[in-house]
Structure formats: C-alpha cells, structure tokens
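Work through the exercises below with the sequence and the model open. Try each task before reading its solution.

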Amino acid sequence: MSGDERRAIVAGEGPLAGAVAAAIAKAGFAVERAGRDLSGTEAVDLVVALPIADIRTDDLATLAEDAWIDLAERPMDDVRHLLATVSARMREPGGALLIALPNIGMIGVAGTAAQAMAAEGIRTLAKAVAKAWRARGLRVNCAMLSAAQLVTADDEVAREIVGIAIASAGADFAATGNSILIDGEQTSV
C-alpha cells in the first residue's frame with residue numbers, strides 16, 4: 001500500500017456499519033473493520049464508530065442488570081476503548097473521528113433509558129475528547145440519527161454519514177465537538 005493512500009477504520013456491528021464501510025471504500029479509502037482489536041500501525045485519516053447497532057425498548061423497572069450493562073455500559077466502554085486505542089494512529093493534522101449515534105437521548109424515547117444514557121454519555125465524551133485533540137489538529141464529531149434510520153440502515157443514511165465523515169477528514173474542516181443532526185429534522189437543539 002502506498003504512503004499516500006487514505007485510510008479509514010469503521011468500528012461497529014450491524015448492517016449500517018457494513019454499509020458505511022462499503023461507502024467509504026467506494027470513496028477511495030482503504031477501510032479496516034474493527035472491533036476491540038486496533039493493532040494496526042498505519043496512520044488513519046478517518047474513523048467512523050457506530051457503537052449502538054439497534055434500539056430496543058425495555059421497562060427500566062424490569063431491566064435485568066446484565067441487560068443494563070449490555071445496553072448502557074458496553075457501548076460507552078467500547079467507545080472509550082476505541083478513542084484510547086486509535087489516538088496514536090490518527091493522522092496529525094487532519095484526522096477525523098465521527099461517531100454515529102441515535103438521537104434518543106436528545107429527544108427522549110420511552111423504554112430506551114439504557115441506550116439513551118449510552119448515547120448521551122458517548123456524545124459528552126466525544127465533546128471532551130474533541131477539546132483535548134483540537135491542539136493536535138484532529139476533529140471529533142457526532143452524527144445524530146433517528147431510531148428509524150439506525151434500524152433501516154439504508155444506503156442514503158450511510159451516504160449521509162460518510163459525506164460528513166469524509167468532509168471532516170481534511171485540513172480545511174475546522175468544526176469539532178459538534179452533534180450534526182441527520183435525523184430527518186426530528187431533533188432541534
């Protein structure tokens with residue numbers, strides 16, 4: 001592989017992560033799919049994380065502890081691990097990380113307390129990391145999707161995520177620490 005090749009990592013499971021990886025590859029990036037193992041050494045221009053693969057509704061009062069851990073704590077821990085691990089691989093300046101999240105924490109959706117907490121916790125973590133990484137010329141932003149967009153995982157949603165991600169990976173893009181709404185105008189902040 002040439003040193004001029006643009007590299008991307010797509011972290012996440014499910015059909016939307018697959019569609020995003022395919023769209024990034026189609027845009028000319030060498031794409032690495034990642035779970036918790038980010039053992040590569042090549043500099044990365046772009047990271048797209050999709051830590052919440054689906055939305056399920058559960059009554060908070062009856063949600064078992066292991067389900068709470070799976071829905072609320074695991075996505076946050078996965079993103080924390082991703083950020084800590086990928087930090088050394090980000091191309092400086094100009095590298096970008098985009099985290100695609102459901103808007104359920106911003107708008108409130110009945111029965112999604114665990115996932116809403118995860119989404120908002122991750123969004124807040126992204127803002128803090130964006131401030132810390134700004135001095136390195138790196139950008140960290142979130143793309144906020146509706147629950148329907150997350151579940152349907154169609155090509156249009158993947159293209160919107162990829163468009164934002166690719167635009168943010170370059171020296172001319174300055175925005176960092178933002179939540180970019182692509183949820184079909186369901187949310188107003």
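**Exercise 1: a residue in a strand**

Leu50 lies in strand β3 (residues 46–50). Strands here are DSSP runs of E with at least two residues, helices are runs of H or I with at least four, and both are numbered from the N terminus. The model is predicted: local features need pLDDT of at least 70, side-chain atom pairs count only at pLDDT 80 or more, and totals for chains, interfaces and linings use all residues. Residues are numbered from 1 along each chain as its sequence is written, and side-chain values use heavy atoms, with hydrogens and water left out.

Task: Is Leu50 buried or exposed, and which residues does Leu50 contact?

Solution. 
- Step 1. Take the cut-offs: buried is under 20% relative accessible area, exposed is over 50%, and partly exposed is in between (1.4 Å probe, protein chains only).
- Step 2. Leu50 has 4% relative accessibility, so Leu50 counts as buried.
- Step 3. Set aside neighbours within four places in sequence; Leu50 then contacts Val10, Ala11, Gly12, Glu13, Leu16, Ala17, Val20, Ala100 and Ile161. Contact means heavy atoms within 4.5 Å.

**Exercise 2: a helix pair**

Task: At what angle do α1 and α6 pack, and which residues meet?

Solution. 
- Step 1. Locate the helices: α1 covers residues 15–26 and α6 covers residues 155–168.
- Step 2. Their axes are 9 Å apart, at an angle of about 60°. Axes are lines fitted to C-alpha atoms, for helices over the stretch in contact, and angles run from 0 to 180 degrees between N-to-C directions.
- Step 3. Classify: under 35 degrees is roughly parallel, over 145 roughly antiparallel, 65 to 115 roughly perpendicular, and the rest oblique. The pair α1 and α6 is therefore oblique.
- Step 4. From α1, Leu16, Ala19, Val20, Ala23 and Ile24 meet Asp155, Val157, Ala158, Ile161 and Val162 of α6.

**Exercise 3: salt bridges**

Solution. 
- Step 1. Apply the rule: a side-chain nitrogen of Lys or Arg within 4 Å of a carboxyl oxygen of Asp or Glu. The count is ten salt bridges.
- Step 2. Arg89 pairs with Glu32 at 3.0 Å, N to O. Arg89 sits in the loop between α2 (65–86) and β4 (96–102), and Glu32 in strand β2 (residues 30–34), 57 residues apart. Both Arg89 and Glu32 are buried.
- Step 3. Arg74 pairs with Asp70 at 2.9 Å, N to O. They are four residues apart in helix α2, so about one helical turn separates them. Arg74 is partly exposed at 37%, and Asp70 is partly exposed at 34%.
- Step 4. Arg7 pairs with Glu5, with 3.7 Å between the closest N and O atoms. Arg7 is buried at 11%, whereas Glu5 is partly exposed at 26%.
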